[in-house]
Amino acid sequence: MFFISLLAMAASWYWIGHRNSYAQSFSQQLKSAFKCVAIGIAVYFSLLFAVMLYLVATTG
């Protein structure tokens, strides 16, 4: 799960922050970085929630 969330952060950085990164100001680059971290955290917790639902459904 952690690896998948890291891949999501890297992919979102590539698609969001990588284009025109040299033309952006530092604050815009920082906003893009925080957005990518937020996406990675959201992916991690959604996968964790899916695993918990699976465990509840199969152990009942």
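Q: What does the secondary structure of the protein chain come to?
A: In this predicted model, the protein chain has two helices and zero strands. Residues 2-17 form α1, and residues 26-59 form α2.

Q: How do you know that the span of α2 agrees with its number of residues?
A: Helix α2 has 34 residues, and at 1.5 Å a residue they should span 50 Å. The C-alpha atoms at its ends are 49 Å apart, so the two values agree.

Q: What is Ser5 in contact with, leaving aside its neighbours within four places in sequence?
A: Ser5 is in contact with Gly40, Val43 and Tyr44. Gly40 is itself one of the buried residues of α2.

Q: Which are the buried residues of α2, and what is the buried share of the protein chain?
A: In α2, the buried residues are Ser32, Cys36 and Gly40. Across the protein chain, 13% of the 60 residues are buried.

Q: What makes Met9 count as partly exposed?
A: Partly exposed covers the range between the buried limit of 20% and the exposed limit of 50%. Met9 has a relative accessibility of 23%, so Met9 counts as partly exposed.

Q: Where does Met9 lie, and which residues does Met9 touch?
A: Met9 lies in helix α1. Not counting residues up to four places away in sequence, Met9 touches Cys36, Val37 and Gly40. Along the chain, Met9 and Val37 are 28 residues apart, yet their C-alpha atoms are separated by 5.9 Å.

Q: Why is the pair of Tyr44 and Phe45 called edge-to-face?
A: There is one aromatic pair by the rule used here. The ring centres of Tyr44 and Phe45 are 5.3 Å apart, and their planes stand at 80°, so the pair is edge-to-face. To count as a pair, ring centres must lie within 6.5 Å, and planes over 60 degrees apart give the edge-to-face label.

Q: How do you know whether Tyr44 is buried, exposed or partly exposed?
A: Tyr44 has 29% relative accessibility, so Tyr44 counts as partly exposed.

Q: What is the relative accessible area of Met1, and which label does Met1 get?
A: For Met1 the relative accessible area is 37%, so Met1 is partly exposed. Met1 has its place in the segment before α1.

Q: Which residues make the nonpolar surface patch of about 480 Å²?
A: Met1, Val51, Met52, Tyr54 and Leu55 make this patch. Residues in a patch need over 30% relative accessible area, and Met1 has 37%.

Q: What separates Ala33 from Ser12, and Lys35 from Trp13?
A: Ala33 and Ser12 are 21 residues apart along the chain, and their C-alpha atoms are separated by 9.2 Å. For Lys35 and Trp13, 22 residues apart along the chain, the C-alpha separation is 8.4 Å.

Technical notes:
Residues are numbered from 1 along each chain as its sequence is written. This is a predicted model: local features need pLDDT of at least 70, side-chain atom pairs count only at pLDDT 80 or more; totals for chains, interfaces and linings use all residues. Side-chain values use heavy atoms; hydrogens and water are left out. Helices (H or I, at least four residues) and strands (E, at least two) are DSSP runs, numbered from the N terminus. Buried means under 20% relative accessible area, exposed over 50%, partly exposed in between (1.4 Å probe, protein chains only). Rings of Phe, Tyr and Trp (its six-membered ring) pair if their centres lie within 6.5 Å; planes under 30 degrees apart count as stacked, over 60 as edge-to-face and the rest as tilted. Patches are made of residues with over 30% relative accessible area and no salt bridge: like charges are joined within 9 Å, nonpolar side chains (Val, Leu, Ile, Met, Phe, Trp, Tyr) within 5 Å. Accessible areas come from the Shrake-Rupley method with a 1.4 Å probe; for residues, only the protein chains shown count as cover. A salt bridge is a side-chain nitrogen of Lys or Arg within 4 Å of a carboxyl oxygen of Asp or Glu. Contact means heavy atoms within 4.5 Å. The expected span of a helix is 1.5 Å times one less than its number of residues.
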